[in-house]
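Work through the following exercises with the sequence and the coordinates at hand. Each task is followed by a stepwise solution.

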Amino acid sequence: MAVTEDRGKHVETMEFETVVIGGGTAGASAAIASAKAGVSTLIVEKMTALGGTAVHSLVMPMMASHVEHGAVFHDLEQELTDRGIRTRDGYSEGLWFSGEEMAFCLESLFLKYGGKILYDAVLVDAVVADGQIDSLLVRTSTGLVKIKGKCYVDASGDAVLARLCGVICESGDENGENQVSSFRFEMGGIDVEAYRSYCQSINDDFCPMKRGEYFESAMVGGNGFALEPIFRKGVDAGILLEEDLRYYQCFTIPGKDGSMSFNCPHIKGLTHNTDLWSRSEGIIKGRQMVRRLAAFLKAYMPGFEHAYLQREASMLGIRESWRIRGIYTLTEEDYLKRAKFEDGVVRGDWYIDVHSSSQGLVQKNKYEAGEYYEIPYRSLVTEEIGNLIVAGRCISTTFLMQASIRIQPTLIDMGEVVGKACHYSVHHQIPLNEIHGNVLRG
C-alpha cells in the first residue's frame, strides 16, 4: 500500500491492487481470495463488521447447497468450527453460524493474508476515464480519501460502484417491483425444548429435527400451517395485524442457548427498495412489526413465556435491488436447462425462490442433488468498464434468475472466483472484462 497526501486539498491517496467495495458475503470472499493470492487488497465497508446481510441482516443459517464448493467456503467453515460452532445439523447441507462468529471469522481469514479494511467508510464517487476506473472517492472519519487500484470489485449489493461508473442496471420484475424485504430479529430467554414440544403436539411436521441442538419453525398465513391457529388468536386479540401473518420463520443459533433468529417480518409494502424514502420507511415499519411479533410470542407461544427481544437487524434483509447488465445475462431458461458454459466459473443449485410483493412465495422447479447450472464469467463483468468486476446479488441476471444465485454458498464461491480474477488481471496485466473465464475454472 502506498499512501500520499495532497496537503492543499487535504485528500489522502491510498493505492492497492484490488479494491473491494462492500465486505459482505461475496465481497469478503473476493477479498480473501485476492489477498491469499498475494495481491494487495483493501475492503471499503460502510458498517463495523464484515459479513453483510449474513451478519447485519441476521440472515442465518446458510441455505442448503449440494455442489462442490471452493477453498474459501471450506476455510470459512473450518474457522467457524475452530471457534466452537457446530456448523452441521445432520439433516441438511445448510451451514449454521451466529452473526458475531461469522463476522469474526471472515475478518480473521482476510487479515491472515495481509488484507486491509476501512470500516465506517462510504463510497462517494468514482473517477472514470477511457473505460477504466482511475480512482474512488471515499468518505471516512478523517474526511475524504482517494483510493486508486488496478482492479475494482463492486460487492455493494446495490451495484453502487457500477452505477457510479455509468454501467446500465435494472431493478425489479416486469412491473419494476423488488422482492419483499425482511427486517429480522433475535429473541433470547426461549425454552426451545418447550417450543419444539408444542410444535410436535399440534402435529407440526415442518422441521425434521425432532431433538438435538438445532430447531426451526415456520408459518405462512393461509397456507395450512399447523401454527396458524395460535397466530390467529394474536390477530383476534389485537396484538398482531393480518400483515404480520404473511411469513414467520425462526431458527436456533449455535452458541446462543435459548436464542432464536427470526426470518421475518416480511415488509409487503416495500415494493421499491431502491427508493431512499421507501427503504427508510420500510425499516420503520419493520421495527414496529418486530415489536408486535415479540409481544405476541411472549404472550401466546409456549416456550416464550420469559423471552425478550435480544437484537434487531442493523440492515434490511434485501433479497434483490439493482442488477447490472453485463456481457451475458443469466436467465431462468438457463436454470431450467441446467446450462453449462465454456466460461462457467460458479455452480448454483438453489431453486428460483421469489418472495413476491404481489404473489407471495413463488418456488420454481427444485433440482435434485447433483444437478446444477453454471454462472458464466461474462455475467460478472461489463462492456463499459475494463477494470471492474461485480460479485454478489447484483450480477447480470434476470429478476427470476437472481432469486436462485443470491444464497450465501453461491455468493462465497462467486467471490472467490472474483478474487482470483483480480489476481489474474494484475499478474497478466489484462483488463478484467477481457479475461476468458475458462482460465478460472476449477
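Contact here means heavy atoms within 4.5 Å, and angles run from 0 to 180 degrees between N-to-C directions. The model is predicted.

**Exercise 1. Describe the open sheet and state which helices lie on it.**

Step 1. Write down the strand order. The open sheet has 5 strands in the order β5-β4-β3-β9-β23, with parallel pairing.

Step 2. Find the edges. β5 (116–118) and β23 (388–390) each have a single partner strand, so one side of each is left without a neighbour in the sheet.

Step 3. Examine one pair. β3 (residues 18–21) and β9 (residues 151–154) run parallel and are joined by 4 bridges. Within this pair, Thr18 has Cys151 of β9 as its bridge partner.

Step 4. Helix α11 (residues 408–428) lies across β3, β9 and β23 and runs at about 165° to β9.

**Exercise 2. Classify the packing of α1 against α3 and list the residues that make the contact.**

Step 1. Two packed helices are described by the angle between their axes and the distance between the axes.

Step 2. For α1 (residues 25–36) and α3 (residues 71–82) the angle is about 100° and the axes are 10 Å apart.

Step 3. Classify. Angles of 65 to 115 degrees count as roughly perpendicular, and α1 is therefore roughly perpendicular to α3.

Step 4. List the contact. α1 contributes Ser29, Ile32, Ala33 and Lys36, and α3 contributes Ala71, Val72 and Asp75. By type, the residues of this contact are 4 nonpolar, 1 polar and 2 charged.

**Exercise 3. Determine how strand β8 is paired and which of its side chains are buried.**

Step 1. Identify the parallel partner. Strand β2 (residues 11–15) is joined to β8 by 4 bridges and runs parallel to β8. Glu12 has Val145 as its bridge partner in β8.

Step 2. Identify the antiparallel partner. Strand β7 (residues 132–139) pairs with β8 in the antiparallel sense over 4 bridges, and Arg139 has Leu144 as its bridge partner in β8.

Step 3. Inspect the turn. The hairpin of β7 and β8 has 4 residues between the strands, and Gly143 takes a positive phi near 135° there.

**Exercise 4. Is Leu240 buried or exposed, and what does it contact?**

Step 1. Locate Leu240. This residue is in the loop between α7 (228–236) and β14 (248–252).

Step 2. Apply the cut-off. Buried means under 20% relative accessible area; Leu240 has 2% and is therefore buried.

Step 3. List contacts. Leaving aside neighbours within four places in sequence, Leu240 is in contact with Phe231, Gly234, Val235, Leu245, Arg292, Leu293 and Phe296.

Methods. Residues numbered from 1 in each chain as written. Predicted model: local features only at pLDDT ≥ 70, side-chain atom pairs only at ≥ 80, totals over all residues. Heavy atoms only, no water. Helix = DSSP H or I, 4+ residues; strand = E, 2+ residues; numbered from the N terminus. Parallel < 35°, antiparallel > 145°, perpendicular 65-115°, else oblique. Nonpolar A, V, L, I, M, F, W, Y, C, P; charged D, E, K, R; others polar. Pairing = 2+ DSSP bridges. Buried < 20%, exposed > 50% of the residue type's maximum accessible area, 1.4 Å probe, protein only.
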